[in-house]
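These are my notebook entries from one sitting with the sequence and the model. I wrote down what I looked up, one topic at a time.

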Amino acid sequence: MNGQRSPASPCDGHRSLILRARWLLPETGRAIEHAWLRCSRGRVTGIGSGRPPAAERLRQIDLGEAVITPGLINAHTHLEFSALKEPFPAIGGLVSWIEQVIAWRQQQLVRGTGGRLSAIRRGLEESAADGVVAVGEIATDCVPAAILSQGPRLRVFRELLGLGPMQAGYLPPHITVTLRDAQRLSRAGIAIGLSPHAPYSTQWPLGQLALRAARQLRQLVRSQTGGGRAIIPLAMHLAESVDEASLLTEQTGPFRDLFQRLGVWPKQPPELARTAHWVSLLARADRGLVIHGTHLPDDPIAMARLRRHRHRLAVAVCPRTTLALAGRLPPVAAFQAAGLRICLGTDGRGSNPDLSLRAEARCLIEAGVVSPAEALVMVTRNAAWALGFEHKTGRIAVGRPADLVVLRPGEAPSTVGAATAAVFAADTEVVATLRGGRPIAGRLTT
Ligand SMILES: [Zn+2]
C-alpha cells in the first residue's frame, strides 16, 4: 500500500487517463460492457462503452477482460487484531472468546503501543489489497491520525463501555479520554463516530451520554467545515450472543459469571437496558449501525423497532465470525424482510481468519443466502450509507472520487451475471484498488 501522493499515481494531480475494461459495474443495476472510464485530478470525468472519445489524447490503460466495480466497503472491523496469525478459538462461544481477548489485551499493554499500531497498518494494507476503499473501524484506544489518514477511507468509531457506577455530572476518566480522542481525530480530518460496545458491557446512562456526545461532536465538525454537512453515527454490537438475554433481563448467566471472575461486576446492580431500547437509541443518532444482530429475530419488539426506524439504521453482518461464534449464519432474510439496509463486515482477525470482504460475501453466496448482485449492493452502496460516506464513495459516477477496484477473473465473464459473480469468486485476482484515483494497493499495468 502506498497512501502517499506519488508521481506514479495514474490520475492524481493534473494527470488524466482512461481505463478500458471488458466490464464496468458502476452502480446498482447498471453494467457497461467494453467500457471506458476517464479520470482526472482523482475524480471520474466520464464513463462509456466502445471506443473512448477520439479527440482525447490521454494515456490509456487497456485492462483486457477485467471487471471494474466501486471500491468495496468494510462496514465493521477491529484493526487492532490484524497481526494475529489466527483467530482466538471459538469453542465456548462469545463469553469464552471475550475472556481470551481480555487476557491478550493485558499482554499487549505490557508490550506497549508499537504492536497495536503496526497491526492497524497491516490491517489497512490487507484491506486495500482485497479491494477495500473504506472501513468502519472500532477503536478501543488512541491511534495517531497519521496512520489512519493513509490507505482506505476510515470512519473511526471510538468505543465506550463500562459497568461501574455513574454519577450525574461526573464522567469516568476513561470516558473523558475517549471523547477527547474522538475530538482529536476529528480535528485531524478523520471521520469519526462513537460505539457504545454492547448491551452486556455498557450501562444505559453511558449510551445516553454517547448520543449527547455525538451531537456535540457534530457541532464541532460543522464548525470545522464552515457549517457543512456532518454526520456522527453510532455503532453497537447487538444480540450477538444467546447469553445476552439472561443478563439483560435478570442480571444472571454466563456474562455475569465472566464479569465476576474478572472482578468488574459492580456492587450496585448495573443499569442495563434491553436490546429494543438500544435500537431506539441508535435511531436517535444521525445514523445508527447495528452490528451482528444474530439473535434479533428472536426479539419481536426489537425487530419491530428496527423496521420502524429502518430509514435511520443499517445492519452490518459478519458471516464468518457469526458462524464461528454463534454456529449459524446471520439472519439476512429477516433483515431483508424488515426493509433494512444490510452491509457486510469482516469483524477483526480476533474472530476471523483474514480481512477479506469478498470472502465474507462468498460465505453468504455459497450458502444461497444472497445473490452476487445483492452482495455487491451490500459492500458498496449500503455500506457507504452506513458509514456516512454516500457522497464520497460506493458508486462510480461522473464528478465523484475515483474510488474503484480492478479485478481480473480466473475466467473471462461473457455476461453481466458472470461479471458480477466474478467479483466474489475465489479465483479472481484484485489487480488494483484506487482511492480518489490513487492506487492504495496493486498497480495498473499497461
Ligand atoms: Zn465487532
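**Domains**

I began with the domain bounds, which come from an automatic or database domain assignment. For the protein chain, the assignment gives domain 1 as 16–70 + 395–442 and domain 2 as 72–386. I noted that this is a predicted model, in which local features need pLDDT of at least 70 and side-chain atom pairs count only at pLDDT 80 or more, while totals for chains, interfaces and linings use all residues. Residues are numbered from 1 along each chain as its sequence is written.

I looked up the distance between the C-alpha centres of domain 1 and domain 2, and it is 31 Å. Next I looked up contacts, where two residues count if their C-beta atoms, placed from the backbone, lie within 7 Å. On that basis 18 residues of domain 1 are in contact with 21 residues of domain 2.

For element names I used DSSP runs, numbered from the N terminus: helices are H or I with at least four residues, and strands are E with at least two. On the side of domain 1 that touches domain 2, the elements giving two or more residues are β5 (67–70), β14 (404–408), α14 (416–424), β15 (429–435) and β16 (438–442). The largest share of that side, four residues, comes from α14. I then sorted this side by class (Ala, Val, Leu, Ile, Met, Phe, Trp, Tyr, Cys and Pro are nonpolar; Asp, Glu, Lys and Arg are charged; the others, Gly among them, are polar). The side of domain 1 that touches domain 2 has eleven nonpolar, four polar and three charged residues.

**Helix α14**

I stayed with α14 and checked burial. A residue is buried if 20 or more other C-beta atoms lie within 10 Å of its own, exposed if 12 or fewer, and partly exposed in between, with C-beta atoms placed from the backbone. In α14 the buried residues are A419, T420, A421, A422, V423 and F424. Their cover includes β1 (16–27), β2 (30–40), β5, α12, α13 (372–386) and β14.

How do α13 and α14 pack? Their angle is about 55 degrees and their axes are 9 Å apart; axes are lines fitted to C-alpha atoms, for helices over the stretch in contact, and angles run from 0 to 180 degrees between N-to-C directions. Angles under 35 degrees count as roughly parallel, over 145 as roughly antiparallel, 65 to 115 as roughly perpendicular and the rest as oblique. The two helices, α13 and α14, are therefore oblique to each other. Their crossing is left-handed, a word used if the near helix is turned anticlockwise from the far one by less than a right angle, with right-handed used if clockwise. I listed P372, A373, A375 and L376 in α13 as meeting T420, A421, V423 and F424 in α14. By class, this contact has seven nonpolar, one polar and no charged residues.

**Helices α1 and α7**

I looked up a second pair, α1 (residues 93–111) and α7 (residues 254–262), which pack at about 20 degrees with axes 10 Å apart. That makes α1 roughly parallel to α7. The crossing of α1 and α7 is right-handed. V95, I98, E99 and I102 in α1 meet P254, F255, L258 and L262 in α7. The contact has seven nonpolar, no polar and one charged residues.

**Helix α10**

I found six of the eight residues of α10 (residues 319–326) buried, so this helix is largely enclosed by the rest of the structure. Those buried are P319, R320, T321, T322, A324 and L325. Among the elements covering them are α1, β11, β12 (313–317) and α12 (357–366). G327 follows α10 and has a positive phi, near 70 degrees.

I checked H292, which is not a glycine but has a positive phi of about 75 degrees. H292 is in strand β11 (residues 288–292). Is H292 buried or exposed? H292 is buried, with 27 other C-beta atoms within 10 Å.

Q251 also has a positive phi, near 55 degrees, and is a residue other than glycine. Q251 sits in the loop between α6 (244–250) and α7. With 13 other C-beta atoms within 10 Å, Q251 is partly exposed.

Last, I looked up A35, which lies in strand β2. A35 counts as buried, with 24 C-beta neighbours inside 10 Å. Not counting residues up to four places away in sequence, A35 touches A21, W23, L24, I47 and S49.
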